[in-house]
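Please prepare a short briefing on the structure below. Keep it brisk and grouped by topic.

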Amino acid sequence: MKYSTLALTLASILSVGAASAATIYKNDNGDNLKIYGGMEVGGTVVSDTDKTPFGPSSTYVDDSFMTLGVKGSTGNIYAKFEMDAERQDWTTDNNMRLVIDKAYVGYNLTPKQSIEFGRTDTAYDHYDAFGDVTNELGASISEAGDQDNTLKYRGQFGNIKVGISHSLEGWDGTTDKKTTYELDADGKTVKATTIDTGEPKKYSYETDSLFGQVTNGYIGYFGDDFTVLAGAEVGDETEIYSLHGEVKLGDVTVSGLIWDQTKNFNKNESSEKNIVGTNIGAKYKLTEKLNLLASVNFEDLDNVDASKEDYKSEWAVIGAEYKYARNIKLAAEIAAGDVLKNGESGALGYVKAYYWF
């Protein structure tokens with residue numbers, strides 16, 4: 001349902017230098033080259049076998065994931081190259097694929113300001129999931145994520161953090177095609193017409209860039225116990241506006257997000273989809289290593305094309321995460337409600353082990 005938790009965790013800990021990346025080279029002047037990575041092993045259990053790509057033979061969908069990267073810096077200039085290996089989850093072949101996740105250079109303007117160019121996370125991608133306490137099954141925003149040819153700025157001024165990025169055309173995949181048949185009175189085909197729907201064909205791309213030109217960003221106040229931020233994205237195929245918040249009340253963290261998202265991949269009005277959604281949850285620190293979590297979620301999907309089905313989905317998620325060590329986490333969740341295809345009722349289970357270095 002959402003971008004890899006491991007990838008988000010790695011991005012967070014690497015940005016503050018807390019990861020125990022292995023140093024390959026280090027000079028006396030501070031120049032360095034490091035290798036880092038991680039993996040997550042697990043997947044999703046679906047209550048209705050008709051909603052899995054495997055039919056009644058299995059209700060478990062493996063979506064294990066691994067990432068491996070190299071990063072280096074010389075003075076104020078830094079660079080990163082990262083590869084992901086992941087399951088083609090929810091497809092019948094379900095085999096592994098390799099994706100170039102990142103390849104960029106950056107420059108530290110000041111200790112708390114930087115610019116980057118290349119294949120990197122868009123600015124919005126750093127905080128699009130802020131306010132979601134779940135690992136996987138909560139409602140989430142589908143923003144551009146990693147994009148080719150991206151110029152990004154991020155800065156911090158006291159408690160205020162801002163970021164903005166612009167990505168040039170990066171789509172390199174294929175789109176789905178639909179064939180309709182004209183039959184005669186005897187039911188024989190007299191004419192077959194194939195059209196390009198314009199919808200991106202999942203996993204037909206090599207670099208993961210689903211979007212064309214897109215601009216997005218965020219601005220937020222980050223306090224010790226209270227954080228609020230707003231994000232937005234505008235492009236040829238996407239328009240999103242969101243508001244996120246988090247409040248820490250002792251061992252309890254209450255957080256949430258609300259958004260309005262429009263997608264239109266083939267750039268004509270009939271294919272436009274709009275989703276208004278919200279995800280409100282809380283996390284309780286039961287022990288130093290064990291957190292309990294819960295959230296309530298809502299999505300309202302509307303299609304401009306009246307022939308396509310609109311639906312509203314409501315569901316709840318409960319779960320737990322156990323931090324075995326600083327770089328190892330175990331997570332399990334259960335979602336019940338309108339969680340299946342097209343908002344149908346059912347249940348999902350999720351379990352994964354995360355490891356990073």
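The briefing below covers the overall fold, strand pairing, a surface patch, salt bridges and one backbone angle.

This is a predicted model, in which local features need pLDDT of at least 70 and side-chain atom pairs count only at pLDDT 80 or more, while totals for chains, interfaces and linings use all residues. Residues are numbered from 1 along each chain as its sequence is written, and side-chain values use heavy atoms, with hydrogens and water left out. The protein chain has one helix and 20 strands.

**Overall fold**
- Helices (H or I, at least four residues) and strands (E, at least two) are DSSP runs, numbered from the N terminus.
- The protein chain holds 357 residues, and 44% of them count as buried. Buried means under 20% relative accessible area, exposed means over 50%, and partly exposed lies in between (1.4 Å probe, protein chains only).
- Among contacts in the protein chain with a separation of 6 or more, 54% join residues 24 or more positions apart. A contact means heavy atoms within 4.5 Å.

**Strand pairing**
- Strands β17 (residues 290-303) and β18 (residues 311-325) run antiparallel, joined by twelve bridges. Two strands pair if DSSP finds at least two bridges between them.
- Asn297 has Trp315 of β18 as its bridge partner.
- β18 also runs antiparallel to β19 (residues 328-337), with nine bridges. Two residues separate β18 and β19, which form a hairpin.
- Glu333 in β19 stands opposite Gly319.

- Two or more residues of the nonpolar patch come from each of β12 (214-222) and β13 (226-235).
- Val228 sits in strand β13. Val228 counts as partly exposed because its relative accessibility is 30%.

**Salt bridges**
- The whole structure contains eleven salt bridges. A salt bridge is a side-chain nitrogen of Lys or Arg within 4 Å of a carboxyl oxygen of Asp or Glu.
- Lys352 and Glu40 form one, with the closest N and O atoms 2.3 Å apart. This pair links distant parts of the chain: Lys352 is in β20 (residues 346-356) and Glu40 in β2 (residues 32-46), 312 residues apart. Both residues are buried.
- Lys102 meets Asp101 in a salt bridge (2.6 Å, N to O). Lys102 is buried at 6% relative accessibility, and Asp101 is buried at 0%.
- Glu288 pairs with Lys285, the closest N and O atoms being 3.4 Å apart. Glu288 is exposed at 67% relative accessible area, whereas Lys285 is partly exposed at 33%.
- Salt bridges that share partners join Glu82, Asp101, Lys102, Asp121 and Asp146 into one network.

**Backbone angle**
- Which residue other than glycine has a positive phi near 50°? Asn149 does.
- Most residues other than glycine have a negative phi.
- Asn149 lies in strand β8 (residues 146-157). Asn149 is partly exposed, with a relative accessible area of 32%.
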